[in-house]
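Dear colleague,

Please read them with the coordinates open beside you.

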Amino acid sequence: MKTGILVHQELIQLIRDGVIEAPESAVGPSSVDVTLGGEFLEEYFYGMKDYVVPGETIPKFEKVTGMIELQPHEFCLAHIREKVNLPADISAEFRLTSTEARSGIQHALAVWADCGWSGRLTLELSNALKYHSIRLSEGMRIGQLIFHKHAVSDAPYKGRYQGDEPVSAGKEKG
């Protein structure tokens, strides 16, 4: 069995097999370009008593559609337009494009999609710039997915983010 990062012809086959719902024109040498979906969750502030305790609560978000303008140091959640349906022998990794990174966008390190997961990836994006805003809009090329072939897992993903669509601020544990 071949394992490792999948390349162009293998990625084309993943599209044809429905593992990723993307146009074949999005396939590069060893990744598939992905674009932003049309919904964003923008963090907002209720007042001084609202704060986030890791593991206990999530920030408060307001839904924005079509486009969002992140001011310096602002944070939002976004999703990719392309749907992923990973089998038990393929995992995927998201990477921001170098062009977007150079424009000041940062992405949190939650970049892994386990084998067995299905849905549209939620991205944690922020503006790292000190003085300029960054506009994010539906259809914008934001990153690439890299697919890793491995042995078939006897315990594919069945966690709380299974089936996420379109953008998710998190689900209650349980």
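Seven salt bridges are present in this structure, which is a predicted model. In one of them, Asp33 pairs with Arg141, with 3.1 Å between the closest N and O atoms; because Asp33 belongs to strand S3 (residues 32–43) and Arg141 to strand S14 (residues 141–149), this pair ties together parts that lie 108 residues apart in sequence. Both partners count as partly exposed, Asp33 with a relative accessible area of 24% and Arg141 with 38%.

Strand S3 also contributes Glu39, whose salt bridge with Lys63 has its closest N and O atoms 3.1 Å apart. Lys63 is located in strand S4 (residues 61–65), so here the parts tied together are 24 residues apart in sequence, and Lys63 itself is exposed, at 51% relative accessible area.

A further salt bridge joins Lys149 and Asp89, at 2.3 Å from N to O, and it links strand S14, where Lys149 lies, to the loop between S7 and strand S8 (90–96), which holds Asp89, 60 residues away. Asp89 is buried, with a relative accessible area of 16%, whereas Lys149 is partly exposed at 24%.

As for the chain as a whole, it has two helices and 14 strands, and 43% of its 174 residues are buried. Among the contacts with a separation of 6 or more, 76% are between residues 24 or more positions apart.

Best regards

How values were computed: Residues numbered from 1 in each chain as written. Predicted model: local features only at pLDDT ≥ 70, side-chain atom pairs only at ≥ 80, totals over all residues. Heavy atoms only, no water. Helix = DSSP H or I, 4+ residues; strand = E, 2+ residues; numbered from the N terminus. Buried < 20%, exposed > 50% of the residue type's maximum accessible area, 1.4 Å probe, protein only. Contact = heavy atoms within 4.5 Å. Salt bridge = Lys/Arg side-chain N within 4 Å of Asp/Glu carboxyl O.
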